[in-house]
Every structure is written in structure tokens, then in C-alpha cells.
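Below is a set of questions and answers on one structure. The sequence and model come first.

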Amino acid sequence: IWAAFNGRTMMRAMGEMLQEPMFMIGILLLSVIALGLEIVGYWSIKQAFSSPMDDYILMKNLSFVHFVIVISVANITRVIPFTFASLGVYEIASILMFRVFAEGFLAGTTVTLLDSILINGLSLFFFVLSLRSSRCPSILETWRMFFHQSVARTQEALTL
């Protein structure tokens with residue numbers, strides 16, 4: 001794990017961040033706010049698909065504290081680069097964590113998949129929006145620039 005995540009570089013970067021305490025506090029605050037927003041979003045999805053009128057409340061016996069633990073553990077597993085963009089790791093971890101707190105497999109899967117569709121859908125939407133606004137080069141343009149530069153360097157090396 002130390003080699004996979006380049007532990008020495010991470011420790012050096014942490015040391016540099018700790019030399020600027022306000023920067024470190026800002027990063028910590030931003031991280032806590034982002035986690036809080038994700039938990040509230042996840043909780044909102046759970047509540048949106050619950051209906052007291054139909055006497056169907058998704059994960060009725062799951063407390064908010066347990067919900068926070070599930071999301072926190074699932075977010076920690078996102079550092080495992082199992083698939084492209086860790087797709088699947090987060091979902092499997094959150095479903096298993098819901099099972100730890102005695103929630104049904106179907107309820108955990110429903111909430112997890114709805115959350116993933118929402119988050120990945122919004123990410124895709126804003127990515128396409130940024131491409132359309134011409135503020136970010138497309139993937140094809142980036143690859144084209146990379147290959148043109150590589151070809152130019154190779155030709156330069158061959159002429160020397």
C-alpha cells in the first residue's frame with residue numbers, strides 16, 4: 001500500500017501543508033463540508049423514495065448516525081483503484097455497510113444505485129457543459145496535442 005500510493009511523497013506533501021496551518025485548516029474544512037453535503041444528498045435520496053402515506057419508509061430503523069458511518073466507510077474505500085473511476089467499489093462497500101446495520105439488501109442497493117446515478121449523472125452533465133463552453137479542451141484535442149508533441153520530439157531526436 002505504501003508503494004502503491006507513493007507514501008514518501010504523500011508524507012512530504014503533508015509536511016509542507018502542515019507548515020501552512022491556515023491552508024491545512026482550509027483543506028480540512030473543505031473536505032468536511034464536501035462529506036457533509038454528500039451525506040445530506042444521500043439521506044435526501046433515501047427520504048425521497050420513502051412515503052409515509054403508503055406506509056413505506058426506506059430504511060425505517062436506520063439512524064442518521066449509522067447512515068453517516070456507512071457513507072464515511074464507503075468514501076474511504078474510494079481510494080481502492082479497483083475499476084475505472086472506482087466504479088463499483090463505493091457501491092459494494094455501501095451496500096455491505098448497510099447490511100452491517102441490518103438493512104435489507106434491496107433497500108441498500110436501491111439507495112446506493114440511485115446515489116451513484118445521481119452523482120455520476122451530475123458529473124457527466126457538468127463535464128459536457130464545460131466542454132460545450134470551450135473552457136476545457138476535449139479528450140480528443142488533448143490526445144492530439146500529446147501525440148503531435150511526441151512526434152515532434154521524436155523527429156527532433158532523430159535529426160540530432
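This is a predicted model: local features need pLDDT of at least 70, side-chain atom pairs count only at pLDDT 80 or more; totals for chains, interfaces and linings use all residues.

Residues are numbered from 1 along each chain as its sequence is written, and side-chain values use heavy atoms, with hydrogens and water left out.

Q: Which pattern does the protein chain follow along the sequence?
A: Helices (H or I, at least four residues) and strands (E, at least two) are taken as DSSP runs, numbered from the N terminus. The protein chain has six helices and zero strands. Read along the sequence, the pattern is α-α-α-α-α-α.

Q: What percentage of the residues of the protein chain count as buried?
A: Buried means under 20% relative accessible area, exposed over 50%, and partly exposed in between, with a 1.4 Å probe and protein chains only. The protein chain has 160 residues, and the buried share of them is 21%.

Q: Is E38 buried or exposed?
A: E38 lies in helix α2, residues 21–48. Contact means heavy atoms within 4.5 Å; leaving aside neighbours within four places in sequence, E38 is in contact with I71, N75, R78, Y90, D115 and I119. Because its relative accessible area is 17%, E38 is buried.

Q: Which helices do the buried residues of α4 pack against?
A: Helix α4 covers residues 89–100 and reaches 16 Å from its first C-alpha to its last, close to the 16 Å expected. The expected span is 1.5 Å times one less than the number of residues. The buried residues of α4 are V89, Y90, E91, A93, S94, I95, M97 and F98. They pack against α2, α3 (64–76) and α5 (105–132).

Q: How many Å apart are the end C-alpha atoms of α5?
A: In α5, A107, G108, T109, V111, T112, D115 and S116 are buried, and their cover includes α2 and α4. With 28 residues at 1.5 Å a residue, α5 should span 40 Å. The distance between its end C-alpha atoms agrees, at 40 Å.

Q: Why is the pair of Y42 and F67 edge-to-face?
A: Rings of Phe, Tyr and Trp (its six-membered ring) pair if their centres lie within 6.5 Å; planes under 30 degrees apart count as stacked, over 60 as edge-to-face and the rest as tilted. The whole structure holds five aromatic pairs. In the pair of Y42 and F67, the ring centres are 5.5 Å apart and the planes stand at 85°, so the pair is edge-to-face.

Q: How many residues apart in sequence are the parts that F67 and F98 tie together?
A: F67 and F98 form a tilted aromatic pair, 5.8 Å centre to centre with 45° between the planes. F67 lies in helix α3 and F98 in helix α4, so the pair ties together parts whose separation in sequence is 31 residues.
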